[in-house]
Amino acid sequence: TNMRPDPSLWESKPSDVSRPAGSCLRIRRHPRRACVFLMMTICALPLRAAGERWTTETDIPTAPRPQATVTNPHGDKLLVFADQDGHVMTQFISASPVSLNKSSCPTFQVDQRQPPHSFPISQRCRVEGHQALVEIAALSGRKLESRVLYEFINGSRIAFRFTTQDGAYHERSFSLSRSKQAIAAALGDNLQILSSPR
């Protein structure tokens with residue numbers, strides 16, 4: 001007797017197993033929709049990274065000169081500018097709900113370069129509320145020697161480490177993308193920034 005396969009075995013039957021909306025079966029039924037979703041996800045990644053870039057703010061009523069600034073995803077802000085006396089300052093503004101510890105100045109480090117930058121509480125570093133203001137250089141002519149500023153314009157990321165009034169330790173980092181262009185626009189395009197001895 002010749003054995004013939006049962007035709008019902010070749011018929012597609014709906015599955016009795018319910019699959020969630022995001023399953024592979026769903027994607028196969030709607031390849032175009034899945035492709036569009038994937039493209040939107042990929043395109044969103046560089047846009048998020050591109051948002052953390054340094055810019056130059058001008059026409060600030062409370063500032064005598066333009067300011068180079070960046071904001072990280074936490075909402076913390078970092079600025080570099082020259083005051084009316086020609087002192088180059090960096091200002092860290094914390095988004096933490098608790099004020100900074102007034103007895104210690106935040107330390108900061110560019111990439112993994114050693115040593116990290118630290119300043120005692122003094123005229124060069126002042127802490128008030130959520131802000132820390134640190135003098136990092138002084139303008140004098142068209143050449144400026146400052147290891148801090150040199151690392152600012154040649155690094156990839158900068159990390160600030162600080163404590164708050166409740167004793168908690170924090171670390172916040174910022175991208176240094178386009179910092180060179182923004183700082184040059186704030187301090188002067190013809191300024192040559194050199195690294196001073198450690």
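What follows is a working chat about a predicted model of a protein.

Biologist: Before we get into details, how many helices and strands are there in the protein?

Modeller: In this predicted model, the secondary structure comes to 4 helices and 11 strands. The protein has 198 residues, and buried residues make up 35% of them.

Biologist: And what share of the contacts joins residues at least 24 apart?

Modeller: If we take the contacts between residues at least 6 apart in sequence, 58% of them join residues at least 24 apart. As for the surface, the accessible area comes to about 13000 Å², and carbon and sulfur atoms account for 53% of that.

Biologist: Let's look at helix α3. Is it enclosed or open, and why?

Modeller: Helix α3 covers residues 147–154, and because 6 of its 8 residues are buried, it is largely enclosed by the rest of the structure.

Biologist: Which residues are the buried ones there?

Modeller: They are Arg-147, Val-148, Leu-149, Glu-151, Phe-152 and Ile-153.

Biologist: At what angle do α3 and α4 pack?

Modeller: The angle between α3 and α4 is about 130°, and their axes are 7 Å apart. That angle makes α3 oblique to α4, since values over 145 degrees would count as roughly antiparallel and 65 to 115 as roughly perpendicular.

Biologist: Switching to the strands, how do β2 and β3 run?

Modeller: Strand β2 (residues 67–71) and β3 run antiparallel and are joined by 4 bridges, with Ala-68 having Val-80 in β3 as its bridge partner. Their hairpin has 5 residues between the strands, and in it Gly-75 takes a positive phi near 100°.

Biologist: What about the pairing of β3 with β4?

Modeller: Strand β4 (residues 87–93) is joined to β3 by 6 bridges, and these two run antiparallel; the bridge partner of Leu-79 in β4 is Gln-91. The hairpin of β3 and β4 has 4 residues between the strands, and Gly-86 takes a positive phi near 90° there.

Biologist: How many residues of β3 are buried, then?

Modeller: Strand β3 (residues 77–82) is mostly covered, with 5 of its 6 residues buried.

Biologist: Last topic: where is the cis peptide bond?

Modeller: The cis peptide bond joins Gln-114 and Pro-115, with omega about -5°, and Pro-115 is found in the loop between β5 (107–110) and β6 (125–128). Asp-111 also has its place in the loop between β5 and β6; its phi is near 50°, a positive value in a residue other than glycine, and Asp-111 is partly exposed, with a relative accessible area of 26%.

Notes. Residues numbered from 1 in each chain as written. Predicted model: local features only at pLDDT ≥ 70, side-chain atom pairs only at ≥ 80, totals over all residues. Heavy atoms only, no water. Buried < 20%, exposed > 50% of the residue type's maximum accessible area, 1.4 Å probe, protein only. Contact = heavy atoms within 4.5 Å. Areas by Shrake-Rupley, 256 points an atom, 1.4 Å probe, with all protein chains shown as cover. Axes fitted to C-alpha atoms, helices over the stretch in contact; angles between N-to-C directions. Parallel < 35°, antiparallel > 145°, perpendicular 65-115°, else oblique. Pairing = 2+ DSSP bridges.
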